[in-house]
Amino acid sequence: MRLEHWPELLDAYVASVARTPFAWGSHDCCTLAADWVLACTGVDPMEPLRGTYRTSTGAQRILFANGGIEAMAGAALGGVIATAFAQRGDVVLAARSLGPTLGVCIGVDAIFPGIDGAERLLIMRCTRAWRVS
């Protein structure tokens, strides 16, 4: 369940990752989404996987072993919702240069990890969403 003051937490989270460069295992799409869920609910959906990879190959092995990024997000967050119904603070998925990528809805945009910091993409370009409740 989201903490009562989650909107302020979301603003602070977005500011904190705005200039954080991409890094496998510490600031990639899975950690970006999981860190947000942890910040707003107190539950870490990525707890058993933290610190288990530092490279693209390591991430790919984990994704493959768990049915892919969409399956992992669904297992951690529950059923998919239509992206048209995604609200601030929900986790989303979009096709990005590295493949399917998790992000966080911040309104009409979603943020995703980028080489030099958070990148924005219109929410209507996302393909999946999960409610963070």
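# Pockets, cores and aromatic pairs

The largest pocket holds about 440 Å³ of space. The model is predicted, so local features need pLDDT of at least 70 and side-chain atom pairs count only at pLDDT 80 or more, while totals for chains, interfaces and linings use all residues. Residues are numbered from 1 along each chain as its sequence is written, and side-chain values use heavy atoms, with hydrogens and water left out.

A pocket is an open set of points on a 1 Å grid over the protein atoms alone, where a 1.4 Å probe fits and protein lies on both sides within 12 Å along at least five of seven lines; lining residues have an atom within 4 Å of a point. Points are joined across faces, edges and corners, and a volume is the space filled by probe spheres set on them.

The largest pocket has 23 lining residues, and F22, W24, C29, L98 and T101 lie nearest its centre. Two or more lining residues come from each of α2 (29-41), α3 (56-65), α4 (69-77) and β3 (99-105); helices (H or I, at least four residues) and strands (E, at least two) are DSSP runs numbered from the N terminus. The largest share, four residues, belongs to α3. By class the lining has 16 nonpolar, four polar and three charged residues, where Ala, Val, Leu, Ile, Met, Phe, Trp, Tyr, Cys and Pro count as nonpolar, Asp, Glu, Lys and Arg as charged, and the others, Gly among them, as polar.

Two of the residues nearest that centre, F22 and W24, also form an aromatic pair, which is edge-to-face with 4.9 Å centre to centre and 90° between the planes. Rings of Phe, Tyr and Trp (its six-membered ring) pair if their centres lie within 6.5 Å; planes under 30 degrees apart are stacked, over 60 edge-to-face and the rest tilted. F22 is partly exposed at 22% relative accessibility, and W24 is partly exposed at 27%. Buried means under 20% relative accessible area, exposed over 50%, and partly exposed in between (1.4 Å probe, protein chains only).

The whole structure has two aromatic pairs. In the pair of Y13 and W36, the ring centres are 5.9 Å apart and the planes are at 40°, so this pair is tilted. Y13 in helix α1 and W36 in helix α2 are 23 residues apart, and their pair links distant parts of the chain. Y13 is buried at 10% relative accessible area, and W36 is buried at 0%.

The second largest pocket holds about 290 Å³ of space. It is lined by 17 residues, with P45, M46, M72, A73 and A76 closest to its centre. Helix α4 gives the most to this lining, six residues. The lining of the second largest pocket has 16 nonpolar residues, one polar and no charged.

A nonpolar core is a set of buried Ala, Val, Leu, Ile, Met, Phe, Trp, Tyr and Cys residues joined through side-chain atoms within 4.5 Å. The largest such core has 28 residues, and C30, I69, V91, L102 and I111 have the most contacts inside it. Its largest share, eight residues, comes from α2. A second, separate core of eleven residues includes I81, C105, L121 and I123.

V108 sits in the loop between β3 and β4 (109-112) and is exposed, at 62% relative accessibility. Beyond its neighbours within four places in sequence, V108 is in contact (heavy atoms within 4.5 Å) with L121, L122 and I123.
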